[in-house]
Amino acid sequence: MTLCVPKEGSCVTREGHSISYRLAGPDGAFICAPRMCFIAGLGAYCTIWEQQLNHFRAFCEVLLLDNRDIGMSGDPGGWCWTIDSMACDVLDVFTEIGWDTHIHLVGHSMGALICRSLLSRAPEGQIGSITMISASSTHKCWPWRLKGVLVMIQLLCADNWEQRLMAVMRLNYPTRWLEQGPACDGWSGTNRDAMVRATIRQAQGNRRISQATMLRQFFAVLRFRAGPLPRQGLRVLYVAGEGDVLIDSSPLRKLCSEHSEQSVLLLPNAGHNCFLQCPTQVNAAIESLM
């Protein structure tokens with residue numbers, strides 16, 4: 001099967017700023033291919049989903065989008081950003097490209113909260129499933145870990161590339177795994193070298209994400225309180241790394257016994273960016289929902 005060249009576009013939202021997006025999939029099969037939308041977390045470009053794009057584009061129509069003021073997306077201005085307003089940005093992109101039914105949502109960290117908000121705003125039948133990676137399983141609170149919060153503060157306060165890169169590594173990957181070799185990308189060095197290469201590659205061609213943008217995203221996360229997930233008719237998957245320094249994954253252990261329609265994938269020795277550490281397992285679990 002041949003793959004089409006990814007289509008790049010820009011959608012003007014109801015607030016007046018633009019959201020940049022990319023569409024990719026199997027050539028000539030968009031009419032019947034499943035639809036997937038991947039939403040990145042705080043301070044991340046949509047290119048962070050490279051492992052998922054390479055897998056799913058062979059048989060799915062894949063939508064990657066940059067959140068507001070990330071990549072080529074515009075800045076709506078102001079300081080009072082909300083998760084709900086970012087969810088409306090995504091809905092505007094769906095309208096732009098004509099996606100109105102059975103979309104499979106995948107969100108990481110802050111992106112998972114945007115997915116939660118989308119559920120309460122999307123028309124009935126528009127969302128087919130939701131995968132939440134490194135996110136809370138409860139609507140009552142965000143389960144912060146103190147160690148992760150301290151590293152997050154270091155990331156938000158970093159004023160140069162080296163400091164920011166160091167904080168990104170500490171926040172998203174277990175230290176022991178980073179020091180292991182050979183490198184997970186098949187090149188020289190350790191896993192740390194592989195993740196540094198991946199971070200640099202994902203940022204290529206994109207403008208630097210400002211501290212102001214990350215702070216506005218961070219405050220939006222702090223203020224968000226999600227409603228409960230629908231009890232019937234929605235397939236839900238939680239994915240978490242047991243070595244995540246930011247999010248407490250322990251509530252997920254009892255989730256399967258309480259909600260048969262909700263699935264859980266816990267990854268030993270994986271961190272906050274578990275979908276990059278363990279792409280094969282994560283991609284297989286997402287695919288099982290479709």
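**Entry 1**

I began with S134, which lies in the loop between strand 6 (127-133) and helix 4; helices (H or I, at least four residues) and strands (E, at least two) are DSSP runs, numbered from the N terminus. The model is predicted: local features need pLDDT of at least 70, side-chain atom pairs count only at pLDDT 80 or more, and totals for chains, interfaces and linings use all residues. Residues are numbered from 1 along each chain as its sequence is written, and side-chain values use heavy atoms, with hydrogens and water left out.

I noted that S134, although not a glycine, has a positive phi of about 55°. S134 is buried at 1% relative accessibility (buried means under 20% relative accessible area, exposed over 50%, partly exposed in between; 1.4 Å probe, protein chains only).

I then looked up N269, also not a glycine, and found a positive phi of about 65°. N269 sits in the loop between strand 8 (262-267) and helix 10 (274-277), and at 62% relative accessibility N269 is exposed.

I recorded a cis peptide bond between G181 and P182, with omega about 0°. P182 belongs to the loop between helix 6 and helix 7.

**Entry 2. Salt bridges**

I took a salt bridge to be a side-chain nitrogen of Lys or Arg within 4 Å of a carboxyl oxygen of Asp or Glu. The count by this rule is 14 salt bridges.

I examined R35 and D100, whose side chains form a salt bridge at 4.0 Å, N to O. R35 lies in strand 3 (residues 35-39) and D100 in the loop between helix 2 (83-97) and strand 5 (103-108), so this pair ties together parts 65 residues apart in sequence. D100 is exposed, at 52% relative accessibility.

Next I looked up D69 and R207, which meet in a salt bridge at 3.2 Å, N to O. D69 is in the loop between strand 4 (61-65) and helix 2, and R207 in the loop between helix 7 (191-203) and helix 8 (211-223), so the pair ties together parts 138 residues apart in sequence. D69 is buried at 9% relative accessible area, whereas R207 is partly exposed at 38%.

For D75 and R216 I found a salt bridge with the closest N and O atoms 3.2 Å apart. This pair links distant parts of the chain, with D75 in the loop between strand 4 and helix 2, and R216 in helix 8, 141 residues apart. D75 is partly exposed at 38% relative accessibility, and R216 is buried at 6% relative accessible area. I noted that salt bridges with shared partners join D69, D75, R207 and R216 into one network.

**Entry 3. Helix 8 packing**

I checked helix 4 (residues 146-157) against helix 8: they pack at an angle of about 145°, with axes 9 Å apart. Axes are lines fitted to C-alpha atoms, for helices over the stretch in contact, and angles run from 0 to 180 degrees between N-to-C directions. M152, L155, L156 and C157 of helix 4 make the contact (heavy atoms within 4.5 Å) with Q211, M214, L215 and F218 of helix 8. I sorted the residues of this contact into seven nonpolar, one polar and no charged; Ala, Val, Leu, Ile, Met, Phe, Trp, Tyr, Cys and Pro count as nonpolar, Asp, Glu, Lys and Arg as charged, and the others, Gly among them, as polar.

**Entry 4. A spatial pair**

I looked up T175, which lies in helix 6 (residues 175-178) and is exposed at 53% relative accessibility.
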